[in-house]
Amino acid sequence: MTAIRQPPLTDSFGRLHDNLRISVTDRCNIRCTYCMPETGVPFTPHGEILTYEEIERFVRVAVTLGVDKVRVTGGEPLVRRDLPELIARLAAVPGIRDMALTTNGVLLDRFAEPLYAAGLRRLNVHLDTLDRQRFIEIARRDELERVLAGLDAAKRAGFVNIKLNAVAVKNLVEPDIVPLAQFARRNGFEVRYIEFMPLDAQNLWDRGKVLLADDILAVLAREIAPLHPVPDPDPRAPASEYAFADGVGRVGMIASVSRPFCGNCNRIRLTSDGKLRYCLFALEEDDVKGLLRSGAPDAEIAAAIRRNLAGKWAGHEINSARFVAPPRPMYAIGG
Ligand code: SAM
Ligand code: SF4
């Protein structure tokens with residue numbers, strides 16, 4: 001059946017939305033301090049999590065509204081059983097031009113090959129440090145070796161342009177900035193620093209704990225080589241890109257706090273329990289699981305997506321006194 005294309009998804013500020021982030025689980029096999037609490041995480045029961053059939057159906061409807069990019073995330077997406085099956089289903093949806101996976105890499109040594117075979121070509125692997133003790137301090141699990149093995153496996157499987165995601169937390173990751181960038185340059189990866197955002201489960205965030213993109217750039221330029229801004233082929237992508245002047249590699253800065261990029265936002269989100277969110281920081285969300293499970297027609301699901309987007313604000317207010325952190329932490333939204 002050929003889906004009928006609808007008018008594109010545009011919010012009340014005229015921003016076109018064609019990029020969908022899908023969280024497939026809120027579970028995780030590590031416990032990063034800036035995301036999850038160490039113990040007692042209230043995970044969603046399995047029956048409340050969207051099935052792969054439900055996610056695929058949602059994506060097919062979203063495509064009729066102009067969505068052509070998807071990113072699969074979590075929690076840790078690779079702890080969800082048979083993730084390559086979902087990747088293969090989404091790769092086969094006509095109209096999806098670009099698909100990416102964000103993972104902590106712990107299970108990549110096992111899954112890199114089947115993911116590639118399923119059609120995945122873009123990988124972001126979360127890595128803050130190359131030091132085993134510091135990894136344990138940050139992620140509260142002793143898994144650095146497996147992440148590094150996962151990166152090797154990903155290269156062997158055929159993945160290129162792998163991005164490394166590091167979270168920029170002040171007084172925590174400073175010793176890792178230069179070693180991580182050097183590691184990336186040696187291996188053909190690109191490190192992307194994400195400024196620490198107020199989405200941690202324990203409300204530890206305050207502005208003083210954000211390691212700012214400009215400070216990281218200054219360290220890299222001083223210790224490695226000068227950096228030049230380079231235009232991103234997708235101007236609506238959240239990262240600003242910089243190339244090392246010696247011609248070896250690039251770094252990206254996702255400066256959500258110091259240089260918010262909301263004006264260019266093209267992203268909508270589907271949580272693992274079937275809620276629609278127009279922003280990482282949204283305080284309200286709309287349910288689509290009920291529609292998917294009650295046999296609602298595609299038009300109703302499309303209408304729910306449009307309704308949710310209609311409420312989208314101009315941007316988050318992290319930098320204002322009015323800011324209220326969302327009730328869901330990062331692991332339950334999908335970064
Ligand atoms: N488990 C996968 C991972 O860690 O890549 C996917 C989900 S994780 C929530 C997605 C991204 O969010 C990761 O790259 C992580 O670095 C980032 N992240 C988590 N908590 C954050 C926070 N409080 N501020 C900024 N980025 C955060
Ligand atoms: Fe897990 Fe990713 Fe959150 Fe770390 S950032 S605890 S790997 S979901």
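Buried means under 20% relative accessible area, exposed means over 50%, and partly exposed is what lies in between (1.4 Å probe, protein chains only). This is a predicted model, in which local features need pLDDT of at least 70 and side-chain atom pairs count only at pLDDT 80 or more, while totals for chains, interfaces and linings use all residues. Residues are numbered from 1 along each chain as its sequence is written, chains are lettered from A and ligands numbered from 1 in the order in which they are written, and side-chain values use heavy atoms, with hydrogens and water left out.

Start with Trp-313, which is partly exposed at 26% relative accessible area. Rings of Phe, Tyr and Trp (its six-membered ring) pair if their centres lie within 6.5 Å; planes under 30 degrees apart count as stacked, over 60 as edge-to-face and the rest as tilted. By this rule there are four aromatic pairs.

One of them is Tyr-116 with Phe-159: the centres are 5.1 Å apart and the planes at 85°, so the pair is edge-to-face. Select both: Tyr-116 is in helix α3 (residues 108-117) and Phe-159 in the loop between α5 (144-157) and β5 (163-168), 43 residues apart. Helices (H or I, at least four residues) and strands (E, at least two) are DSSP runs, numbered from the N terminus. Phe-159 is buried at 3% relative accessibility, and Tyr-116 is partly exposed at 25%.

Return to Tyr-278 and Trp-313, which also form an edge-to-face pair, 5.7 Å centre to centre with 80° between the planes.
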